[in-house]
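Subject: Structure handover

Hello,

Here is the structure we talked about. Please open it beside this email and follow along.

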There are 2 protein chains.
Amino acid sequence: MTTIQESAGRGRPRSERAEKAIVDATLDMIGEGVTVSELSIEAVANRAGVGKTTIYRRWANKEDLVVDSLATLRLPMPEPGGTDVRADLIEFLKVMRSESGELRNRCITNIALNEADRYPDLYRRFRELVIEPRREAFRQVLRRGMATGELRPDLDVEVAMSMLVGAMLFHTKMSGPAYPVPGDLPERLVDEALRGFRAS
Amino acid sequence: MTTIQESAGRGRPRSERAEKAIVDATLDMIGEGVTVSELSIEAVANRAGVGKTTIYRRWANKEDLVVDSLATLRLPMPEPGGTDVRADLIEFLKVMRSESGELRNRCITNIALNEADRYPDLYRRFRELVIEPRREAFRQVLRRGMATGELRPDLDVEVAMSMLVGAMLFHTKMSGPAYPVPGDLPERLVDEALRGFRAS
DNA sequence: AGTTTTCGAAACGCGACCGTTGCGTATCGT
DNA sequence: ACGATACGCAACGGTCGCGTTTCGAAAACT
C-alpha cells in the first residue's frame, strides 16, 4: 500500500465515500482509455466531486494513486473447470473477450499495453499482480492437457499461449464500434489452434 | 497531402532540409513511444533545430503533421516469394519482428495500437495506408496455400491470420530489454500453427 | 464545550505548451 | 538592386495542470 500514513484517530475521520469516489473516477478514466500521463489529478478530483486536497492527503503523486486504484480491482480470474482442455481454453478467452467490453476491465489491457515504456515501475507491479497469474493459469491448462494426453507432449507451451492470447488481444485491441469482436471468436480460435495442438 | 498551400515561387523557397528535419524528428519521437497527444510542436521544433514558425507555415496542426510524416514512411512491405507457404509466413513474421527493433518501424505498432481511440481520423488513414495492405498480403499467402493444396481448404483465414500476427504483436509489444523477442519465434510460431493449418 | 482532523472550494505561483507576431537575416526571382 | 518569401529566434497573451496554502464548515474525539 502506497497510501500516505494516516494520523491517529484524533479528529474527523477520513471519508470512505470520498476515497471510493476517487478510486472509482481513476479507474473509470483509465478504462475509458485515458493514458496515465494524461490523467490529471484535477480531472480525477472534479469527476469524483472532491477537492484536490482530499487526494493529496492520501497519495503523494499520480503514480501512487494509479497503483492503489488498480490494486483494488478485483478482476475476473478464470477458473478453468479442468474437465477438458477445449472448454478451459474457450472459457479463458471468453473472459478476455468480456474484459474488452466492460469499462472497468479495459483497465487491464490499457495499462498492460500502453504504459510499459513510460511507467516501468507501475507496469512491473501490474505485471506481477495481474498479468503473470493469468499467464501461469493459462500455462497450467495447457500443461494439464499434455499430462492427460489430450495435447501433444512436445507442445511449445509459450508459443501456443501467445497464439491464442495474442490473437484475442489483437482482436479486442483493434475492436470498436466499426470492428466488433465476433462472439464466437473464442471457439473458432481454440478449434483452429487445437487441430495442431492435439495429440494424434 | 495536408500540407498548407505553398505560395508561388516568388521569394526564398522553403528549405527541404528543414522539412526533412521536422518529419524526421516527428517520426523519431513517435517511434520512441511518444503519444500523439504528448507530442508537442515545441518539442519537434527543438529536436529538429527549427523555429515553430517553420512548422506552422507548413502544417495547420499537429495531426496534419503526424499524418504527413507517417505518409513519408516507406516501410518494408513483405514480398512473399510464393514458393511455399511456410517460407512466406516466416518471412512475413520476420519483417514484423524487425519492425519491433528499429526505431522508425516502431511507429507502425505505436500508432496502430495506441492512437485508434483518440485520433480516429489519423487511425483510419493509417489503417488504409499501412495496415490493410499488409493484412491483405497476409491473406493472399494463406489463400494461395489453400489453392495449391498446402493448406486445408476449409481453413479460417481470418482466425489463422490473427493467431500468427496477434502472437507476434503480443511478443513485440511486451518486449523490451527485460523481455526480448526470441530470434527463432517466427519459425516456432509458423511451425506450431501449420500443424493445424496443413492439409492432411 | 473544546480540540483535532477532514471536508470541499478557491486561489496561489510555477512551468509547459499553445498559436501568433515581430525581428533581423538569408535566399530566391525579376 | 530590389521585392518577396523563408529562415531561426524570442516574446507575446492564454490555457491547463501542477503541488501548496488558506478558508469556513463539518465531524469525530476527550
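Predicted model: local features only at pLDDT ≥ 70, side-chain atom pairs only at ≥ 80, totals over all residues.

**Chain A in outline**

Chain A has 9 helices and 0 strands. Read from the N terminus, the elements run α-α-α-α-α-α-α-α-α. Along the principal axes, the C-alpha atoms of chain A fill a box of roughly 70 × 40 × 30 Å.

**DNA strand C**

There are 26 residues around DNA strand C. Those that come nearest are A:T54, A:R57, A:R58, B:I41 and B:Y56. Both protein chains are on that list.

Which helices supply the surface near DNA strand C? Three of them give at least two residues each: α3 of chain A, plus α2 (41–48) and α3 of chain B. The most comes from α3(B), with 3 residues.

By class, the surface near DNA strand C has 6 nonpolar, 11 polar and 9 charged residues.

Sugar or phosphate accounts for 70% of them, and bases for the rest.

- The side chain of A:R12 has an N or O atom 3.0 Å from a base oxygen of DNA strand C.
- The side chain of B:K52 has an N or O atom 2.8 Å from a base oxygen of DNA strand C.
- B:R10 uses a backbone N or O atom, which lies 3.2 Å from a sugar or linking oxygen of DNA strand C.

**DNA strand D**

Around DNA strand D there are 25 residues. Here A:Y56, B:T53, B:T54, B:R57 and B:R58 come nearest.

For the surface near DNA strand D, α2 (41–48) and α3 (52–56) of chain A and α3 (52–56) of chain B each supply at least two residues. The most comes from α3(A), with 3 residues.

How do the residues of this surface divide by class? There are 5 nonpolar, 11 polar and 9 charged residues near DNA strand D.

Of the atoms of DNA strand D within 4 Å of the protein, 65% are sugar or phosphate atoms. The rest belong to bases.

- A polar side-chain atom of B:R57 is 2.2 Å from a phosphate oxygen of DNA strand D.
- The side chain of A:Y56 places an N or O atom 2.5 Å from a phosphate oxygen of DNA strand D.
- A backbone N or O atom of A:R10 is 3.3 Å from a sugar or linking oxygen of DNA strand D.

Two helix pairs in chain B come next.

Start with α1 (residues 16–31) and α4 (residues 62–72) of chain B. Their axes come within 9 Å and cross at roughly 90 degrees. Angles of 65 to 115 degrees count as roughly perpendicular, so α1(B) and α4(B) are roughly perpendicular to each other. From α1(B), the contact uses B:I22, B:V23, B:T26, B:L27 and B:I30. From α4(B), it uses B:L65, B:V66, B:S69, B:L70 and B:T72. This contact of α1(B) with α4(B) has 7 nonpolar, 3 polar and no charged residues.

Now take α8 (residues 157–174) and α9 (residues 185–197) of chain B. The axes come within 11 Å and cross at roughly 155 degrees. Angles over 145 degrees count as roughly antiparallel, so α8(B) and α9(B) are roughly antiparallel to each other. The crossing of α8(B) past α9(B) is right-handed. On α8(B), the residues in contact are B:A160, B:M163, B:L164, B:A167, B:M168 and B:H171. On α9(B), they are B:L185, B:P186, B:L189, B:V190, B:A193 and B:F197. The contact of α8(B) with α9(B) has 11 nonpolar, 1 polar and no charged residues.

**A contact between the chains**

Finally, α9 (residues 185–197) of chain A meets α9(B). The two axes come within 6 Å and cross at roughly 100 degrees. By the 65 to 115 degree range, α9(A) and α9(B) are therefore roughly perpendicular to each other.

Which residues meet here? A:E192, A:R195, A:G196 and A:F197 in α9(A) meet B:E192, B:R195, B:G196 and B:F197 in α9(B). By class, that is 2 nonpolar, 2 polar and 4 charged residues.

Best wishes

Notes: Residues numbered from 1 in each chain as written. Chains lettered and ligands numbered in written order. Heavy atoms only, no water. Near = heavy atom within 4 Å. Polar contact = N/O pair within 3.5 Å; in protein donor to acceptor, adjacent residues only side chain to side chain. Helix = DSSP H or I, 4+ residues; strand = E, 2+ residues; numbered from the N terminus. Nonpolar A, V, L, I, M, F, W, Y, C, P; charged D, E, K, R; others polar. Axes fitted to C-alpha atoms, helices over the stretch in contact; angles between N-to-C directions. Parallel < 35°, antiparallel > 145°, perpendicular 65-115°, else oblique. Left-handed = near helix turned anticlockwise from the far one by under 90°. Contact = heavy atoms within 4.5 Å.
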